[in-house]
Amino acid sequence: MTDLKWSRFNFLVETEKHRKYLYNSYSNSLIALDDSLYASLLFLSRDNGTSILSAFSEEEIEYLKKIYALVEDDDALVDILHHQSMSRLYSKRPWF
């Protein structure tokens, strides 16, 4: 497995009603979390290492990769966003 890390586009949210979510602003994904998964993701977000990845199942890791919550290099994602915004800015097509 390649080295995966916590994306800078992730936000862990706990509401007043004790509901827990992971929001990823790159993929615009919002997923509800149970207490156990929330705790593991919170630890991962603070550690930002790969040591805790063993706490996740292969299915969870694949899903987190799919929504860009776990990434190899989020600098590449920033480059993609920059390229997309510049393409729209200088495009000759109308925006609407």
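Two strands count as paired if DSSP finds at least two bridges between them, and helices (H or I, at least four residues) and strands (E, at least two) are DSSP runs numbered from the N terminus. The structure is a predicted model, in which local features need pLDDT of at least 70 and side-chain atom pairs count only at pLDDT 80 or more, while totals for chains, interfaces and linings use all residues. Residues are numbered from 1 along each chain as its sequence is written, and side-chain values use heavy atoms, with hydrogens and water left out.

The protein contains 3 helices and 5 strands, and read from the N terminus its elements follow the order β-β-β-β-α-α-β-α. Of its 96 residues, 29% are buried, where buried means under 20% relative accessible area, exposed means over 50%, and partly exposed lies in between (1.4 Å probe, protein chains only). Contact here means heavy atoms within 4.5 Å, and among contacts between residues at least 6 apart in sequence, 53% join residues at least 24 apart.

Strands of a sheet pair through backbone hydrogen bonds, either parallel or antiparallel. Here 3 strands form an open sheet in the order β2-β3-β4, with antiparallel pairing. Because β2 and β4 stand at the edges with a single partner strand each, one side of each is left without a neighbour in the sheet. Neighbouring strands of this sheet are turned against each other by 20° on average, direction ignored; such angles are taken between axes, which are lines fitted to C-alpha atoms (for helices over the stretch in contact), and run from 0 to 180 degrees between N-to-C directions.

On one side of β3, 5 bridges join this strand to β2, the two running antiparallel, and within this pairing L12 has L22 as its bridge partner in β3, while V13 has Y21. The hairpin of β2 and β3 has 5 residues between the strands, and H18 in this hairpin takes a positive phi near 65°. The antiparallel strands β3 and β4 are also joined by 5 bridges, and their hairpin has 4 residues between the strands, with N28 in the turn at a positive phi of about 55°. The covered face of β3 carries K20, L22 and N24, whereas Y21 and Y23 belong to the uncovered one. Helix α1 lies across β2, β3 and β4, and runs at about 135° to β2.

In soluble globular proteins, nonpolar side chains tend to be buried together. A nonpolar core is a set of buried Ala, Val, Leu, Ile, Met, Phe, Trp, Tyr and Cys residues joined through side-chain atoms within 4.5 Å. The largest such core in this protein has 17 residues, and those with the most contacts inside it are L22, L33, L41, L44, F56, L64 and L70. The elements that give two or more residues to this core are β4, α1 (35–47) and α2, and the largest share, 4 residues, comes from α1. In the loop between α1 and α2 lies L53, which counts as buried at 7% relative accessibility.

Rings of Phe, Tyr and Trp (its six-membered ring) pair if their centres lie within 6.5 Å, and planes under 30 degrees apart count as stacked, over 60 as edge-to-face and the rest as tilted. A search of the whole structure finds 2 aromatic pairs. The rings of F9 and Y26 have centres 5.5 Å apart and planes at 50°, so this pair is tilted. It links distant parts of the chain, 17 residues apart, with F9 in the loop between β1 (5–6) and β2 (10–14) and Y26 in the loop between β3 (20–24) and β4 (29–33). The rings of Y26 and Y68 have centres 4.9 Å apart and planes at 70°, so that pair is edge-to-face. Since Y68 lies in the loop between α2 (58–66) and β5 (70–71), and Y26 in the loop between β3 and β4, the pair ties together parts that are 42 residues apart in sequence. Ring pairs thus link F9, Y26 and Y68 into a cluster, in which F9 is buried at a relative accessible area of 11%, while Y68, at 34%, is partly exposed.
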